Amino acid sequence: MEYVHGYSNREALRLADQADTLTGILHSGTAYPSGSRVLEAGCGVGAQTIALAKNSPEAEITSIDISRESLSHAESLIRSEGISNVNFKQADIINLPFPENSFDHVFVCFVLEHLQNPEVALQSLKRVLKRGGSITVIEGDHGSCYFHPETEEAVRVWGCLVQSQRDYNGNPMIGRELHPLLNDSGFRNVEISPKIVYVDSNRPELVDGFIKKTIIAMVEGVKDQAIEKGMINIKTWNPGNRGSLQNS
Ligand SMILES: C[S@@+](CC[C@H](N)C(=O)[O-])C[C@H]1O[C@@H](n2cnc3c(N)ncnc32)[C@H](O)[C@@H]1O
């Protein structure tokens, strides 16, 4: 499958940095009881799988992804950590190879925003979730990113990321739609808890882990395609990144 961030080594590193930096925020509610069966859908290179498995060492975790290459990366990472409660399987979220009512919990992180039809994906996940089970869905919203100074170049560079994701049929603003999306897909008792990441120079770990290694790396990942498609020229791109969205 083709999607905006692609499957490069640089992207694998970015996903790992993103997960490391945000573990406290993303995994505050992901400890599952002993013996529970957990499905992680769209595990990528295993960046969130580590936190899931460490938070719930007695749970049985099944992590799926459509990309065989990402799965093999994830599997080596998990084995190198000595974690043994995770099984990996190549599968498409839309067509899951599990019977109905197979899992107590489903975990999805930064995946629905890349799918053309997230509602169909959620219905598919609901089919394999046991009655009374729970789902955790974590997605971004690129329309809620503010920075200072808000230079024209930085705003245009950010716009290239948003447009590139749309060009791949993704939805970069899906965060704000999760409540209706989950309800319309048949889930009940939906609770949304917005998480904010605030960074300034007094938070050097976040400047490094979030701004440079997660956000700038994500923006840099669409640079070539944005320039190639004529969304922006190199002259505007460079001052934009040197301005508010700094990468040095
Ligand atoms: C941005 S990555 C997120 C990976 C991981 N959840 C994380 O937070 O680090 C999105 C992942 O979703 C996977 N994916 C996209 N469409 C999928 C589908 N239909 N079925 C299964 N996985 C899919 C991609 O292969 C990619 O690994």
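In which helix does E152 lie? E152 lies in helix 5, where helices are DSSP runs (H or I) of at least four residues and strands are DSSP runs (E) of at least two, both numbered from the N terminus. The structure described here is a predicted model, in which local features need pLDDT of at least 70 and side-chain atom pairs count only at pLDDT 80 or more, while totals for chains, interfaces and linings use all residues. Residues are numbered from 1 along each chain as its sequence is written, and side-chain values use heavy atoms, with hydrogens and water left out.

With a relative accessibility of 61%, E152 counts as exposed; the classes are buried for under 20% relative accessible area, exposed for over 50%, and partly exposed in between, with a 1.4 Å probe and protein chains only. Although E152 and T236 are 84 residues apart in sequence, their C-alpha atoms are 9.1 Å apart in space. G24 belongs to helix 1, which comprises residues 9-26, and this glycine is likewise placed in the exposed class, at 61% relative accessibility. Between the C-alpha atoms of G24 and A51, which are 27 residues apart along the chain, the separation is 9.5 Å.

A polar side-chain atom of Q48 lies 3.1 Å from an oxygen atom of the ligand. Of the 600 Å² of accessible area that the ligand has on its own, the protein covers 98%; accessible areas come from the Shrake-Rupley method with a 1.4 Å probe, and for residues only the protein chains shown count as cover.

Aromatic contacts were considered as well. A pair of aromatic rings is described by the distance of the centres and the angle of the planes. Rings of Phe, Tyr and Trp (its six-membered ring) pair if their centres lie within 6.5 Å, and planes under 30 degrees apart count as stacked, over 60 as edge-to-face and the rest as tilted. By this rule there are 2 aromatic pairs. Y3 and Y7 form a tilted pair, with 5.4 Å from centre to centre and 55° between the planes; Y3 is buried at a relative accessible area of 14%, whereas Y7 is partly exposed at 31%. The ring centres of F98 and F103 are 5.1 Å apart and their planes stand at 90°, so this pair is edge-to-face. F98 counts as buried at 12% relative accessibility, and F103 also counts as buried, at 0%.

Several features of the backbone fall in loops. Most residues other than glycine have a negative phi, and most peptide bonds are trans. N101, in the loop between strand 3 (86-90) and strand 4 (103-109), has a positive phi near 55° and is partly exposed at 44% relative accessibility. F110, in the loop between strand 4 and helix 4 (118-128), also has a positive phi, of about 55°. A cis peptide bond, with omega about 0°, joins H148 and P149, and P149 is placed in the loop between strand 5 (129-138) and helix 5 (152-167).

Two further loop residues complete the description. N117 is found in the loop between strand 4 and helix 4 and is partly exposed, with a relative accessible area of 40%; its C-alpha atom is separated by 9.7 Å from that of N171, 54 residues apart along the chain. S67, in the loop between strand 2 (60-65) and helix 3 (68-80), counts as buried at 10% relative accessibility, and the C-alpha atoms of S67 and V86, 19 residues apart along the chain, are separated by 17 Å.

Notes:
Polar contact = N/O pair within 3.5 Å; in protein donor to acceptor, adjacent residues only side chain to side chain.
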